[in-house]
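Here is a short briefing on one model. Look over the sequence and the 3D view, then read the points below.

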Amino acid sequence: MNKLIPRLGLYLGPIAFLLIYFLVESPGLSVEAKAMLALAAWMATWWISEAIPIAATAFLPLIFMPLLGILPIGKVSANYMHPTVLLYMGGFLLATGIEKWGLHRRIALNIINLLGTDLRRIVLGFILATGFLSMWISNSATSLMMLPIGLAVVSQFKAQLGDGNISIADRLGKNIMLGIAYSASIGGVATLIGTPTNAIMAAVISDLYGYTIGFNEWFMFGLPLSVFLLLVCWYYLVSSANPLPKRFSLPDEKSIIGKQLSLLGRIGYEEWNVMLVFGLVCFSWIFREILIQPFLPQINDTIIVLFGVVLLFILPSSSGDDRILDWKTAERIPWGILILFGGGLALAEGFQSTGLAEWIGQKFTLLEGISFFLLLMIIIASVNFLTEVTSNVATASMLLPILASVAIKLDLHPFGLMVGATLAASCAFMLPVATPPNAVVFGSGYLQMKDMVKAGFWLNIFSIILITLMVYFVLPWMWGIDLLRNPF
């Protein structure tokens, strides 16, 4: 069955393209828009079925948009080096420097060590450590790094608790594994570089409306949402999904963490340098508008992170024979995600330039009578459950330009629907295939499918409600916009 879907998708994609291109006719649908619709259907089929790697599907706009007369190759290829793609590339390179010298591991172990020895607080430690790291490092890398730490802690607990408390040990194992997966996704919501969908949304909004969402602007909205959802995730896991007894601890359950910290030794020269550069970049992102732009008006978040990356390439290691960041290490960043970004942005530009997004938006006239709150919740819920079985980046790339046109058709501020959908795409918690962190922890041996579905379903529902309330009530106040009026 796993091989059947990709094989079917491989043929259904081009077939869908040909059927739409040659057979579909509709008033208001130009030849270019029809070609764009056909190409989008092909890409969507391949993305959903994963007939070929999803990054490889993102090359199709470079081939077919010029051939079909949609956009010249120069305009299409510019999307693959969009400032937001470069921002995310800079974030990847910065994270690679952090990982090269083990700073991320030291941060995680110290956070877990700080929170004490109670079983519930140990789970909280893993959730907070994973959540914090995933704000800056890719969700996949964060969960892969946290998994062996979690396995070591659970293994020690099982040995210490003994056969009499085997059920407690099993529940602890499930909570730590689920906590790592869920918090890796939730933490990424807090920053523009934390998860690809945030960067995709910022790029689409920049292209469509010429409005730049700053790092600080998103951080002020995303951080409270992320922190609250992390705490809810922890409380739900330890109190309801897999309940753990209160105030239950053993004398030396922190020994495994202490042992791993001692193995790291004292913080070294390279870690200090990485930490200083990382701190400088974050400080500059947060205070760019207040402290830097008055002197350097053209500076933006992309320039700041690339400056930090170049610094890492310049600074020598303690041996003097190497740099803090070298190109061999830098080559390991996930270039496929950056290509996927470019393909998604090219798709969005094609939707706008051909009028396809406007044509789709006009088909939503039936929604004109519905309340904005209900519409927002329906879209958030739909995206949330859709990304359980599809790539969240691919889903965001397809839907964001359409939602922008729907908002304009209904005379709504497009940011409401677009931000809601973007956040929902990061909150798929039910299935191992939903996100890479879910898949990583599912292979740990502590989880069965029913554990993830049971815990993830209710977390999905809560995240849908929370995102809807945050976008409806908090976003307008924080960003100074009116969601019920289109200013563009």
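Is lysine 100 buried, partly exposed or exposed? Lysine 100 has a relative accessible area of 23%, so it is partly exposed. The cut-offs are under 20% for buried, over 50% for exposed and partly exposed in between, with a 1.4 Å probe and protein chains only.

The model is predicted: local features need pLDDT of at least 70, side-chain atom pairs count only at pLDDT 80 or more, and totals for chains, interfaces and linings use all residues. Residues are numbered from 1 along each chain as its sequence is written, and side-chain values use heavy atoms, with hydrogens and water left out.

**Salt bridges**

- The whole structure holds 6 salt bridges. Each is a side-chain nitrogen of Lys or Arg within 4 Å of a carboxyl oxygen of Asp or Glu.
- Aspartate 322 and lysine 100 form one of them, at 3.3 Å from N to O. This pair links distant parts of the chain, 222 residues apart: aspartate 322 is in the loop between α15 (301-314) and α16 (327-330), and lysine 100 is in helix α6 (residues 83-100). Helices here are DSSP runs (H or I, at least four residues), numbered from the N terminus.
- Aspartate 322 is partly exposed, because its relative accessibility is 28%.
- Lysine 100 also bridges to aspartate 326, with the closest N and O atoms 2.5 Å apart. Lysine 100 is in helix α6 and aspartate 326 in the loop between α15 and α16, so this pair ties together parts 226 residues apart in sequence.
- Aspartate 326 has a relative accessible area of 17% and is therefore buried.
- Lysine 174 meets aspartate 451 in another salt bridge, at 3.3 Å from N to O. Helix α10 (residues 166-188) holds lysine 174 and helix α23 (residues 449-479) holds aspartate 451, so parts 277 residues apart in sequence are tied together.
- Lysine 174 is partly exposed at 21% relative accessible area, whereas aspartate 451 is buried at 9%.
- Shared partners join Lys100, Asp322 and Asp326 into one network of salt bridges.

**Helix α1**

- Helix α1 (residues 4-23) has 20 residues and should span 28 Å at 1.5 Å a residue; its end C-alpha atoms are 27 Å apart, which agrees. The expected span is 1.5 Å times one less than the number of residues.
- α1 bends by about 25 degrees at leucine 12, and proline 14 follows within four residues. The bend is the angle between axes fitted to the seven residues ending there and the seven starting there.
- Gly9, Gly13, Ala16, Phe17 and Ile20 are buried in α1. The buried residues of α1 pack against α2 (31-49).

**Aromatic pairs**

- The structure holds 32 aromatic pairs. Rings of Phe, Tyr and Trp (its six-membered ring) pair if their centres lie within 6.5 Å; planes under 30 degrees apart are stacked, over 60 edge-to-face and the rest tilted.
- Tyrosine 21 and phenylalanine 22 have ring centres 5.1 Å apart and planes at 90 degrees, so the pair is edge-to-face.
- Tyrosine 21 is partly exposed at 24% relative accessibility, and phenylalanine 22 is exposed at 57%.
- Tryptophan 234 and tyrosine 235 are also edge-to-face, because their planes are at 65 degrees, with centres 6.4 Å apart.
- Ring pairs link Tyr209, Tyr211, Trp218, Phe221, Phe415, Trp479 and Phe488 into a cluster.

Notes
Helix = DSSP H or I, 4+ residues; strand = E, 2+ residues; numbered from the N terminus. Contact = heavy atoms within 4.5 Å.
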